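Let's take a friendly walk through a protein model together. Keep the sequence and the 3D view side by side as you read.

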Amino acid sequence: MRKGVVLLVAIVAMLSSCSEKKIWWDDDEAWVKDSINEEQVDVFYIVSTSIGHSENADGTTAYNAVLTDAERAALCREAAYIKQNFADSFNMFSPIYHQCTVEGFVHNNRDSVVKFREQSERECCEAFDYYMSHFNNGRQFILAGFSQGAMNVVALLKHMTDEQYSRCKAAYVMGYRLSSEDMKHKHIEAANGEIEGKVVSFNTVAATDGILGLTAGKAATCINPMNWKNDSTAATRWVVYDGEIDHYAIYDSSFAENIESGDTIYINVKLDEQRNVLTASAPMLPLSYVFNLPAFGLKDNKNLHLADLFFYLPRLRENAIKRAYK
């Protein structure tokens, strides 16, 4: 009898300990975020695949990042980059999640890849729920993500309630496609103009044989952030390299006289209506930022996947302000 009592006490203590354990989203290290201005719209941003290889404590490969200090720092760098572009007009919230690694995406077991991706999507949905319960306070918000982050934005659109969706001013799915199946969902209204349609999605290539199936294959829609058209009308802009902050940005040619530093290069961006991708006559220039990878090194320099973040960000910021405060 005494042994039974001791065992019961131990079980109760264990359950009590588990129930009191802090969840990850309670921790400040789980977020990159601003102080809140109640008059501003929020941006909920999900970072892209920043981790190539991760290891468990026993040295085995982890296909979802374990979030070591170095891995958290990598995710935080991209979030901070977005924050510096949006913070003056928006409240910024970005969850630091156990994302699927590069190795996870290329794992040779399809069932395992689905599991790694499901953990990534599930955590982002949990983070969004926590944000809505603890940070949002009824404000309007914008969703945004790049690459894996954009994949999770699509998952969030399907996850959120109708009331939450009514307060979502826009969703930027950068470097990830919307499929025909995605567009059947009532919360996925593809953009068909500068402020028409809520979900902005695009992928960029230098040539259509550089399309990545994972991010752009079988895309059902695409919009050109340079002119906000869904057709093949070309948009001509300036690409600017600013060595101080190590990124490319595209500006209207009318802004060229305001550029004080950096190399300026003319570029054309055009929508391929058959494949629903953007083709850009971009020069083959080196670029590294969060990933320490060449931006133009994918598929023999014919894919410009990283350009989906760096090329269009100033245009997306302008668009977000119009959509949020119109």
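Start with Trp228, which counts as buried because its relative accessibility is 8% (buried means under 20% relative accessible area, exposed over 50%, and partly exposed in between, with a 1.4 Å probe and protein chains only). Trp228 sits in the loop between α7 and β10 (helices are DSSP runs of H or I with at least four residues, strands are runs of E with at least two, and both are numbered from the N terminus). Although Trp228 is not a glycine, its phi is positive, at about 60 degrees. Most residues other than glycine have a negative phi.

A word on the model: it is predicted, so local features need pLDDT of at least 70 and side-chain atom pairs count only at pLDDT 80 or more, while totals for chains, interfaces and linings use all residues. Residues are numbered from 1 along each chain as its sequence is written, and side-chain values use heavy atoms, leaving out hydrogens and water.

Now look at Lys218, in the loop between α7 (213-216) and β10 (235-242). Lys218 has a positive phi near 60 degrees and is not a glycine. Is Lys218 buried or exposed? With a relative accessible area of 79%, Lys218 is exposed.

Next comes the largest nonpolar core, with 82 residues (such a core is a set of buried Ala, Val, Leu, Ile, Met, Phe, Trp, Tyr and Cys residues joined through side-chain atoms within 4.5 Å). Helix α4 (residues 110-136) gives the most to this core, nine residues. Trp31, Phe44, Tyr45 and Leu143 have the most contacts inside the core.
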